[in-house]
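Hello,

Here is the structure I promised to pass on. Have a look at it first, and my notes follow below.

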Amino acid sequence: MLKLANVHKGDILFDLGSGDGRIVVTAAKQFGIRATGIDINPVRIAEANENAQKNGVTGLVQFRNEDLFEADIKDASVVTLYLLTSLNLKLRPKLWHDLKPGTRIVSQTFDMGDWEPESRKWWKATPSFCGGFPRAPRRRSEAWRGTLGALARRISSPSELVTR
Ligand SMILES: C[S@@+](CC[C@H](N)C(=O)[O-])C[C@H]1O[C@@H](n2cnc3c(N)ncnc32)[C@H](O)[C@@H]1O
């Protein structure tokens with residue numbers, strides 16, 4: 001996901017629904033960027049903080065126990081998602097409203113409805129990857145990547161998006 005998002009020095013990543021923090025911690029460790037995880041489950045937040053500590057990235061990362069629909073995400077340059085298509089669709093108006101043009105959005109496995117991705121990447125899902133394909137762990141999973149800049153060129157107004 002991080003490669004697909006073309007994460008690089010200076011990016012600010014938000015993982016909405018950050019689970020055990022693996023995306024946030026990896027972004028900080030491999031790319032030296034600031035990253036924030038938002039999760040509604042306090043147990044996941046505790047795991048994520050432990051994960052950050054173990055990997056020596058507590059200075060770069062933050063985990064917030066919040067509802068992702070209420071979170072302040074306006075500083076993001078990259079947003080990662082591993083939710084469900086239904087949640088992605090519910091999230092679209094917020095992404096559109098809160099994020100700066102050019103922010104890259106990557107969604108693991110679940111698409112963004114009629115927001116067309118700029119690129120897709122396929123790989124084998126590992127059985128341990130949370131929320132993947134527990135009944136068919138060898139099935140290939142798909143990641144969706146798009147930027148608000150590209151979307152803005154195709155969509156005439158934010159209100160159009162909200163009603164789709
Ligand atoms: C499939 S896991 C993804 C974990 C992580 N992003 C990853 O890729 O490994 C989805 C996470 O979203 C969280 N979540 C679901 N609904 C949420 C909401 N409304 N606000 C914040 N977190 C939420 C769940 O608690 C869960 O940890």
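**What I found**

Of the 164 residues in the chain, 48% are buried (under 20% relative accessible area with a 1.4 Å probe, protein chains only). Please keep in mind that this is a predicted model, where local features need pLDDT of at least 70, side-chain atom pairs count only at pLDDT 80 or more, and totals for chains, interfaces and linings use all residues. Residues are numbered from 1 along each chain as its sequence is written, and side-chain values use heavy atoms, with hydrogens and water left out.

The chain has 5 helices and 7 strands, taken as DSSP runs (H or I, at least four residues, for helices; E, at least two, for strands) and numbered from the N terminus. Their order from the N terminus is β-α-β-α-β-β-α-β-β-β-α-α. If you take contacts (heavy atoms within 4.5 Å) between residues at least 6 apart in sequence, 66% link residues at least 24 apart.

Now to the interior. A nonpolar core here is a set of buried Ala, Val, Leu, Ile, Met, Phe, Trp, Tyr and Cys residues joined through side-chain atoms within 4.5 Å. The largest one holds 21 residues, and Val7, Leu13, Val61 and Phe63 have the most contacts inside it. At least two residues of this core come from each of helix H1 (22-31), helix H2 (42-54) and strand E3 (61-65), with H1 giving the largest share, 5 residues. Beyond its neighbours within four places in sequence, Phe63 touches residues including Val24, Val25, Ile45 and Ala48. Another core, of 17 residues, lies apart from that one and has Ile12, Phe14, Leu83 and Leu95 among its members.

Best wishes

Technical notes:
Buried < 20%, exposed > 50% of the residue type's maximum accessible area, 1.4 Å probe, protein only.
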